[in-house]
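Got the viewer up and the sequence panel open? Let's walk through a few selections together.

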Amino acid sequence: MLGRPEYRKALVFSGLIGVPVALIAFWFLVATHELERLIWTDWPKDLGWKQAPWWWALPLLTPAGLVVGVVAARFPGRGGHVAAGGLHSGGITRQALPGVLIAALVGLPLGAVLGPEAPLIALGGGLALLFANLARAPETEASTALLGAAGAAAAISALFGNPIVGAVLLIEVAGVGGPQLFAVMLPALLASGVGDLIFTGFVNWTGFETGSLDIGLPKPPPLDGADVLWVPVLAPAVAFLVHWAFVGGRFAARFVATRTVRNTTLCALAAAVCITLYAVITDRSPADAALSGEAALADLAQNPHAWPVGALIAVLVFKGLAYALCLGSLRGGPVFPSLFLGGAAGVLLAPLPGLGLVPAMAVGMAASVTAALRLPVSGVVLVVLLLGNVDTVALVVLAAVLSFVLVQRLPPGPELVAPVGRPAERTTDRTAH
């Protein structure tokens, strides 16, 4: 294939379009982050409050639902994929770009419990096809798929700040290799995790050295047996909860499909009510239960003692409910809210006998993001990158495999249906929830 001139041209063009796509993705992320900070932090302080008041989400998410509903009903591409159906790498055309941008730039900063990764994938793929059209490149089915994947990878790498995460995620999302990929990869992933666990254990127990790539950075306390024993308990429990959030999202999507504008607005209002109840019950900022959870996850990891047990339980309940509603009605990605919910569950359960904070968060995050995406390798790579702690890799692998196996056996919920008069979204068994 490398010897074919058309493939070499596509390879060069993919590298070239990575530049403008990454730049646009960068400014898209800057815009969403700055708008979130302005709306949820700066405006409340400018109006004299220490934090956003308890009712803050109600006048924000309701009009956001109205706008997204109009986009989903009237714009080409429906504003992007429904998040309850998992991540998709195809199906977005250049004509869908305006709807994707409007739905994301309105919904995400105004409090949608979703992340920016799905709009970025759609944005990157659509921009790549747009640039190819402007350059009058030949449009074939193979070239469209190749350029769409290249643009999506460039955009998603800008989000995670790591090209490996973007490449692995797109490989699994696109289904390269089909079902055989998972049939081969899952046993290999499990065996590698067990092998790493046994190997690490023998190094710690015997004191012998076999050579290492360690360059001397400080390490956390080594894993012990209790950390490993808690994995089969915690990972399925977290995966079970996240899975049912997706089932709820699928029911919300069916509800929205009947009368798109009205019911999208109602779902957004219901999510705002959940966020409001969290703020009233805990006397904390409603931003904890709103938004993607990306900023809140960092605060949770750095200051876990600032979160009382009641606040952790409340954020799991009310953010989880708002997450389910947003999955089926608004537009965005499922990654960061699932990571936050898994991290919050880990902090809540960290005081269990023999369990520590870092292992608990590692298991919770790996189980939750794998249950959300049904992409075990991507889940492992992403969580390891976020933790920056190679000593927990074995726990992350075991949690991801257990989560993946469990959610594959649970009922996926109703099929996604399109709004009246529109074709249904394409989903696969791999990404369907």
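Start by selecting Thr-32, which sits in helix H1 (residues 5-46); helices here are DSSP runs of H or I with at least four residues, numbered from the N terminus. Thr-32 counts as buried because its relative accessibility is 4%, and buried means under 20% relative accessible area with a 1.4 Å probe, protein chains only. Show its neighbours: leaving out residues up to four places away in sequence, Thr-32 touches Leu-105 and Pro-109, where contact means heavy atoms within 4.5 Å.

A quick word on what you're looking at: this is a predicted model, where local features need pLDDT of at least 70, side-chain atom pairs count only at pLDDT 80 or more, and totals for chains, interfaces and linings use all residues. Residues are numbered from 1 along each chain as its sequence is written, and side-chain values use heavy atoms, with hydrogens and water left out.

Next, select 58-74, which is helix H2. Its buried residues include Leu-60, Leu-61, Val-68 and Val-71.

Now pick 309-329 (H11) and 335-349 (H12): these helices pack at about 155°, axes 10 Å apart. The axes are lines fitted to C-alpha atoms over the stretch in contact, with angles from 0 to 180 degrees between N-to-C directions. That angle makes H11 roughly antiparallel to H12, a label for angles over 145 degrees.

Which residues in H11 meet H12? Among them are Val-309, Leu-312, Leu-316 and Tyr-323 in H11, while Phe-340, Leu-341 and Leu-348 are among those in H12.

Key:
Helices (H or I, at least four residues) and strands (E, at least two) are DSSP runs, numbered from the N terminus. Angles under 35 degrees count as roughly parallel, over 145 as roughly antiparallel, 65 to 115 as roughly perpendicular and the rest as oblique. The expected span of a helix is 1.5 Å times one less than its number of residues. Buried means under 20% relative accessible area, exposed over 50%, partly exposed in between (1.4 Å probe, protein chains only).
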